[in-house]
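These are my notebook entries on one protein model. I record here what I looked up, entry by entry.

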Amino acid sequence: MTVDPATAKHHAEHGGAMFHFCSAGCAAKFTADPGKYLADTPASMAAAAAPAGAIWTCPMHSQIRRDGPGSCPICGMALEPEAPSLDDAPNPELIDFTRRLWVSTILAIPLLIVSMGADLFGLRLLDPAVSPWVQFALAAPIVVWGGWPFFQRGWTSLVTRQLNMFTLIAIGVGAAFIYSLVATFAPGLFPAAVRMHGMVPVYYEAAGVVVTLVLLGQVLELRARAATGKAIRALLGLAPKTARRIAADGSEAEVPLAEIAPGDRLRVRPGEAVPVDGTVVEGRSAVDEAMLTGEPAPVPKATGDTVTGGTVNGTGSLVMTAVAVGSDTMLARIVRMVAEAQRSRAPVQAVADRISGWFVPLVIAIAIAAFVVWYAAGPEPRLSHALLNAIAVLIIACPCALGLATPMSIMVGTGRGAHAGVLIKNAEALQAFEKVDTLLIDKTGTLTEGKPKLVGIETVGGISEDDLLALVAAVEARSEHPLAHALVTAAADRKLVLGDPQDFAVQVGMGVSATIGARTVVVGNAAQMARVDVDAGLLQEPADTRSRAGAGVMFAAIDGKLAGLVAVADPVRANARGAIEALRRSGLKVIMLTGDNPATANAVAAMIGGLDGVHAAMKPEDKARMVGEFKAAGARVAMAGDGINDAPALAAADVGLAMGTGTDVAIESAGITLTRGDLAAVVRARHLAKATMANIRQNLFFSFVFNGVGVPVAAGVLYPSLGILMSPMFAGAAMALSSLTVVLNALRLNRIKL
């Protein structure tokens, strides 16, 4: 039976929704076993599919948060679980609406034939006195059962004073159906002027077909929205379900990923996905990190290198130590960031929100005005014309396309970016980056690789390069100098055997020294050589040349005699020059900010070319101050960096771009994270921002033009001059088409090239 919530005396809450009962007995039965009575409802199916403790939110209004399923009080859409899920099962609301659509379609076809057969094809299949009753029998299930969700949401919109598309649908369909009911059951209430062929005309077909078309639009929209979730499901699917754990006794066993803890030793066999984030402790291989970077080239991995869960091992076997597991892995963080970005709202959405706020009341006013004008001055039957035109206005003006315009583009765009290594923290950052005209970039790790490497060896006195490197690397192995690791790594790459240093000592500001076997080795700058009375003049010219090129130079003396020099530099990224050119073509001024010395900074700038400025020897506060100065001058500034020292500038900029190889502090301070730490990723982010914002503007244009043209036509402004009227059925089809146009246009972002 039907219970009026306003007068019901017995209530029970379940799954975040309130249920009302006719008696205490019914309420008690429901409370004892709610699932028995809700098993087939969309809300119950959704609740069963969601994880325990899930927060439910509206896909279009992220500020709505509930403990269980239900409808959004603002737009009426069904709430969805906030947490991403690997479950690819259809949306329960999609299942329910699809079922209602099929039943309604089966009934709507004969309803159209019976109601309009005579007008369209000259077929009068039923006696005029019987036809309204048959139409009622066909239309009632469509309107009452098929359209029930729309009436529920329409009523909620009135109660909460949040008028939306369902307000218009409920009023329009309800008016046509109730009018037809009265005409069928109490025709004597209508004046003779209204009658046609002695009968009061009914519009069951308008109500039934409009409900069917709205259901069709909802089903198409739900399917399209499900497609936007494929990006997250694809990311979630990258993580394997199990890992091969190595026990203390050396035995190996396949265990569920949930059982892996930090510190566990894991084996990653050829072709397998890396299970969690960690560090390689044994083996060599190349790992496909396209999941992170969007780049197909495998990255070499050896002992000491980090690996990321979800990336794919190549042909070698690796043993790794787990460092981050579960929600702490990079993949989990990426999924969370994408999910949050898809629910975020771009500032441009505020325009659509403001318009929607007054649009629905305006449409209702236009519908009322159309009814009054047609009833007062229209042709006979005036009441029928007035009713149909008012209903057409209400139906065609449904602002669903306007509501979908921005969120759909944001959802698709952020998902596309995730697969290209561009992680958007929120839609505001995406919109701001499109308008940026000045890009400030850190040098180390952005323009350069961020890992110093041996770039040259000069020898004198007959010693070979390998012998010199082996001795210098053996001494530097004990040093904490930033360039020491590059020398040790270079020796390892050449498979050189390093001696055991004795009497190791650090000469602060000059270099280091030690005894290797029977040989005394001294490494350092010119002052270090002077300290041990070694003349470095023979190598001063090549040393100066390499220093001007941005390399760090260290002289080496063996047993009191000059033996050579080694040069270490942070190599410029191979694609830096091309990326700078692409960024400048997109309208950006590119300026380097670095804490390095001016000589090195200028050397790097000269190798790259195309920079609009270089600022060296900058402290973190200097970088943030520089951002403020550019903004004060009217520039829209983006800052790209990867270190803790970049965090203040990243936070101060209009948009912060954190290189994914950087620190957590940098990533948290930025609006966009680029999982590949080079400028090519910045180019991809720029293209994504421009494409997404252009797509949003296209969608808003479609929505505004559609309503701007459709509402006047539905109101009948073309009738006096052209005799054109729009039936509610055509209005319903046009409304569904407008939503579909917006959705399909947003999905085009999946195919853009970054």
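**Entry 1: salt bridges.** I first wrote down the term: a salt bridge is a side-chain nitrogen of Lys or Arg within 4 Å of a carboxyl oxygen of Asp or Glu. The model is a predicted one, in which local features need pLDDT of at least 70 and side-chain atom pairs count only at pLDDT 80 or more, while totals for chains, interfaces and linings use all residues. Residues are numbered from 1 along each chain as its sequence is written, and side-chain values use heavy atoms, with hydrogens and water left out.

I looked up D654 and found its side chain in a salt bridge with that of K631, at 3.8 Å from N to O. This pair links distant parts of the chain, 23 residues apart: D654 lies in the loop between α24 (647-652) and β26 (655-659), and K631 lies in helix α23. For such names I noted that helices (H or I, at least four residues) and strands (E, at least two) are DSSP runs, numbered from the N terminus.

The terms are set by relative accessible area: buried is under 20%, exposed is over 50%, and partly exposed is in between, with a 1.4 Å probe and protein chains only.

In total, the structure holds 19 salt bridges.

**Entry 2: salt bridges within a helix.** I looked up D96 and R100, whose side chains meet in a salt bridge of 2.9 Å, N to O. Both residues lie in helix α4 (residues 92-121), four residues apart, which is about one turn of the helix. I noted the general rule: an α-helix has 3.6 residues a turn, so residues three or four places apart point the same way. D96 counts as buried because its relative accessibility is 3%. R100 is buried as well, at 10%.

A second pair is R625 and D622, with a salt bridge of 3.6 Å, N to O. These two are three residues apart in helix α23 (residues 620-632), so about one helical turn separates them. R625 is partly exposed, since its relative accessible area is 40%.

**Entry 3: helix α5.** How far does helix α5 reach from its first C-alpha to its last? Helix α5 (residues 131-146) has 16 residues and reaches 22 Å, close to the 22 Å expected at 1.5 Å a residue. The expected span is 1.5 Å times one less than the number of residues.

I also found a kink of about 35 degrees at A139 in α5, shortly before the proline P141. The bend at a residue is the angle between axes fitted to the seven residues ending there and the seven starting there. The buried residues of α5 include L138, A139, A140 and I142.

**Entry 4: strands.** I began with the rule that two strands pair if DSSP finds at least two bridges between them. An open sheet of three strands has the order β4-β3-β5, with antiparallel pairing. Strands β4 (65-66) and β5 (80-81) stand at the edges with a single partner strand each, so one side of each has no neighbour in the sheet. Strand β3 (residues 56-57) is joined to β4 by two bridges, and W56 has R66 in β4 as its bridge partner.

I turned to β26 and asked which of its residues lie on each face. V655, L657 and M659 are on one side, G656 and A658 are on the other, and all are buried. In a regular strand the side chains alternate between the two faces of the sheet. Strand β25 (residues 637-641) pairs with β26 in the parallel sense over four bridges, and G641 has A658 as its bridge partner. Strand β27 (residues 672-674) also pairs with β26 in the parallel sense, over three bridges. There, A658 stands opposite T673.

Entry 5: I looked up A557, which is found in strand β21 (residues 552-558). A557 is buried, because its relative accessible area is 2%. The C-alpha atoms of A557 and V472 are separated by 9.3 Å, although these residues are 85 apart along the chain.
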